[in-house]
Amino acid sequence: PYNSSTIFTFIYADHLTSFLVPLLFLSLINENKKNYFFIGFLIFFLYLTKPSMFFICGVIPFVIIYLDWNKKNFLKFIPLFFLLTAISIWGFYGLAKTGKFPFGKNLLSNNSFDLVGIANPDFIKRYPHVTIDTAQQALVYNINTNKFESEWDYYDAFDKMNKKYMADNFSEYLRGIPKKINFVFFYIYKDNIQPEEYKAIGNKIRYSSIINRLSLNLAFLIALYTLLKNFRNILSFKTEIYYLAIVGLNLLPHIYAWATNKHLVGIYITSNLYLIFKFLSKKKVFNET
């Protein structure tokens, strides 16, 4: 139920990534040559959808080229072409509008403001049960936004604040990483709720989170075990490579910053699809024998 509600909540970009990421996985494990074009379109749109998709979009085209290197066609380069097109369109648009080419951590000028959520002492106390948005809003009052002449002045002001906090409190930041990993794989309660609601009723179990965590952990362990077991022939197991690549690259920015349940719906659904694929593959082998 939570996955479905996220997909149909059109306010957030997560509603797009929730089904585009699973579609990317399905396209990657399909051997149809025409899928290179569809993969390219998906990477193009994901790049323009949300900054957290940067690593998936930036790495997957190179994984495709590496795994398909022995195929004597140039179609394997199509996803990379779409990626470079997306980077160029967004980059030169940003350059024309703001005088700066947005790329990487500067993909959006409000990225530094979002990171204020982890660069403050309240993060470790609040996360993941209470929203950290209120902490962000409180810190905004410490900066005089009236002096900004461009959106990059806005970015630089919060970026400076974040770097100072990280330099002074790096051990505190490191303490938050296990909490984020625990949240991704084991947290089954409602998250990111308002402080008033948390004080009144706490955070109850979200039962669909139990299913999501079971699916993620089972799929992750099966894929990892399969690759380790067949390490000498690892490149033959593209499904596992693509699955772990999507999960790992999706989690990377969220472990660095933070994750909520709505950020993770894409990899929950991808995990379900991977498990279904493995089940059908085993059933097919069993029937053939």
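Student: Which element gives the largest share of the lining of the largest pocket?

Tutor: The largest pocket of this predicted model has a volume of about 1300 Å³, and of the 45 residues that line this pocket, Lys 50, Asp 114, Ala 257, Trp 258 and His 263 are the closest to its centre. Several elements give two or more residues to this lining, among them helix H4 (54-67), H6, helix H9 (151-168) and helix H14 (261-288). The largest share, 5 residues, comes from H9.

Student: How many residues in the lining of the largest pocket are charged?

Tutor: Sorted by class, the lining of the largest pocket includes 17 nonpolar and 18 polar residues. The number of charged residues in that lining is 10.

Student: Is Asn 111 buried or exposed?

Tutor: Asn 111 belongs to helix H6 (residues 111-114), and, leaving aside neighbours within four places in sequence, Asn 111 is in contact with Pro 51, Gly 104, Lys 105 and Tyr 155. Its relative accessible area is 14%, and because the cut-off for this class is under 20%, Asn 111 counts as buried.

Student: Which element supplies the largest share of the lining of the second largest pocket?

Tutor: The second largest pocket holds about 240 Å³ of space and is lined by 12 residues, with Thr 226, Phe 237, Glu 240, Lys 278 and Lys 282 nearest its centre. At least two lining residues each come from helix H12 (207-229) and H14. The largest share, 5 residues, is supplied by H14.

Definitions and conventions: Residues numbered from 1 in each chain as written. Predicted model: local features only at pLDDT ≥ 70, side-chain atom pairs only at ≥ 80, totals over all residues. Heavy atoms only, no water. Helix = DSSP H or I, 4+ residues; strand = E, 2+ residues; numbered from the N terminus. Buried < 20%, exposed > 50% of the residue type's maximum accessible area, 1.4 Å probe, protein only. Contact = heavy atoms within 4.5 Å. 1 Å grid on protein atoms, 1.4 Å probe; cavity = no way out; pocket = protein on both sides within 12 Å on 5 of 7 lines; lining within 4 Å. Points joined across faces, edges and corners; volume = space filled by probe spheres on them. Nonpolar A, V, L, I, M, F, W, Y, C, P; charged D, E, K, R; others polar.
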